[in-house]
Amino acid sequence: MLQRLAATQRRPAAAPLAAAVRCISSGSVDITVPLNFWAGRRRTSKEKCNKENVYEPATGRVLCHLEPCGAVEVDEAVESAKSAFGHWSKMSGMERARIMIEAAHIIESRRENIAEMEVVNNGKSITEARLDVDSARLCIEYYAGLACTLAGQHIQLPGGSFAYTRREPLGVCVGIGAWNYPFQIAAWKSAPALACGNSMVFKPSPVTPVTAVMLAEIYAEAGAPEGLLNVVQGGQETGSLLCHHPDVAKVSFTGSVSTGKKIMEMASKGVKPVTLELGGKSPLLIFQDSDLENAVRGALMANFLSQGQVCSNGTRVFVQKNILPEFVEEVVKRTQAIEIGDPLLESTRMGALVNQPHLEKGATVLCGGEPFVPSDHKLRGGYYMTPCVLGDCTDEMTCVKEEIFGPVMSVLSFETEEEVLHRANNTTMGLAAGVFTRDVMRAHRVVGHLKAGSCFINNYNITPVEVPFGGFKMSGIGRENGQVTVEHYSQLKTVFVEMGDVDCLF
Ligand code: NAD
């Protein structure tokens, strides 16, 4: 049966965008609606001749076509965001919160539909895609709560004079996303921006253009002013038009370090603030006194979520020498048992990769790292790989030094705390780090020395929206989630109020 997502007309509120499919091979989803969105509706681009194929990773077939936006479309989208900003920024926090909460309700009611579209476009398992949709909803709820708390200070000055501060929005913010968490990234960027009174133009990765536009539609249905969240599709040219646009006040970017540097350079031309969520090569330290079962679970969570395509993954797994054989045996056994295949099936734990990863030679391949060919012939063109554990790794190996962004865990041996801390920190990146130990003093001592923005003790890769997330060193600038993000999406205005005469020196 062929399931279609073909309507070009607006659908009634709360209607799902595509009928549910229970497994990829039971029927194809075709997407023929335009994927750009501004001024309240889906739009085609004038750059139709440059349209690009978008693939379904689970099968390798063409899922839809992307029409990249050029200068004309980017101008229209920014203009639409400017117009929405005029209304939205004048609303009270309570009024903004009400609309955001309504958007969260719509997301909850369409959880399954959004998750399935994410699977079809990204290849991750339905179990994980549902959690991503939940994270997006929770983020919008969280910032709706903060919208009403934005407040300034009152400062008493001599002679009854005083000053006060106001927290004001920046204007039109730009969000640029990576392909590994398409819906979640769009929500993590738009929720704090909108809560602070900004509007946004969001550009998803050209690899995963499908679900961000669903979020834009949801805000519109929830009652947001036309143009509050706009989506322009395209690659680096569209992204660079956005970064250079004179009416854009801020750029929030998630992606690789090399692109992050370019974004910062472009934004600097207009002295625009940036938030950069970049890559990592994070260490996970497993001490001999840790609960081994828990440490193995932690190492799997640190490496194989989203087919290993997670920025914060703890891909350098340092294991204390005494427990190395036991750890390796258990981790390999559990890795080999991971069910790979049709990402829409409930039993699947690892779906398809977005692209073809490369493996490094040198280390010992303890398991995996090979192309996986599903038995279902409809999935044979998909991008599957068996999760890989590399043993006997050393710090100099490329697989240990560079981000692979696939399901590859490198296991390294260490002897002392001092040694492992030095090796763990010996990287230009600093997104995340983890430590497994039962010694509470060691745990906090080690975390105190780790140079990473997010540190986990006896767990890994949890990202509650109430907690700030972001990197040290070349892993980024600024934070997403948590209260602090309000400071990245607003600016302080100080107002001086004189209650007497001007104390004139002339
Ligand atoms: P990427 O840097 O190739 O692309 C990211 C986005 O930037 C895409 O939308 C792309 O079209 C756009 N882009 C590319 N060149 C541009 C330019 N010159 N100007 C403006 N925009 C441009 O990254 P990717 O391959 O999509 O994602 C993988 C990377 O993202 C990994 O390094 C991963 O670690 C990182 N990542 C980080 C986080 C985080 O929160 N720290 C989260 C997810 C992914």
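Here is a short chat about the predicted model shown above.

Student: What should I know about the model before looking?
Tutor: This is a predicted model, in which local features need pLDDT of at least 70 and side-chain atom pairs count only at pLDDT 80 or more, while totals for chains, interfaces and linings use all residues. Residues are numbered from 1 along each chain as its sequence is written, and side-chain values use heavy atoms, with hydrogens and water left out.

Student: How many helices and strands are there?
Tutor: The protein has 14 helices and 24 strands, taken as DSSP runs numbered from the N terminus (helices are H or I, at least four residues; strands are E, at least two).

Student: What is the strand order in the open sheet of 7 strands?
Tutor: The order is β16-β17-β18-β15-β14-β20-β21, with mixed pairing, where two strands pair if DSSP finds at least two bridges between them. The edge strands, each pairing on one side only, are β16 (364-367) and β21 (454-457).

Student: How many bridges join β20 to β21?
Tutor: Strand β20 (residues 432-436) runs parallel to β21 and is joined to it by 4 bridges; Val435 stands opposite Ile457 in β21.

Student: And which strands does helix α13 touch?
Tutor: Helix α13 (residues 440-449) packs on the sheet and touches β14, β20 and β21, contact meaning heavy atoms within 4.5 Å.

Student: Changing topic, how much of the protein is buried?
Tutor: Of its 506 residues, 57% count as buried, that is, under 20% relative accessible area with a 1.4 Å probe, protein chains only.

Student: What box do the C-alpha atoms fill?
Tutor: Taken along the principal axes, the box is roughly 80 × 60 × 35 Å.

How values were computed:
Axes fitted to C-alpha atoms, helices over the stretch in contact; angles between N-to-C directions. Buried < 20%, exposed > 50% of the residue type's maximum accessible area, 1.4 Å probe, protein only.
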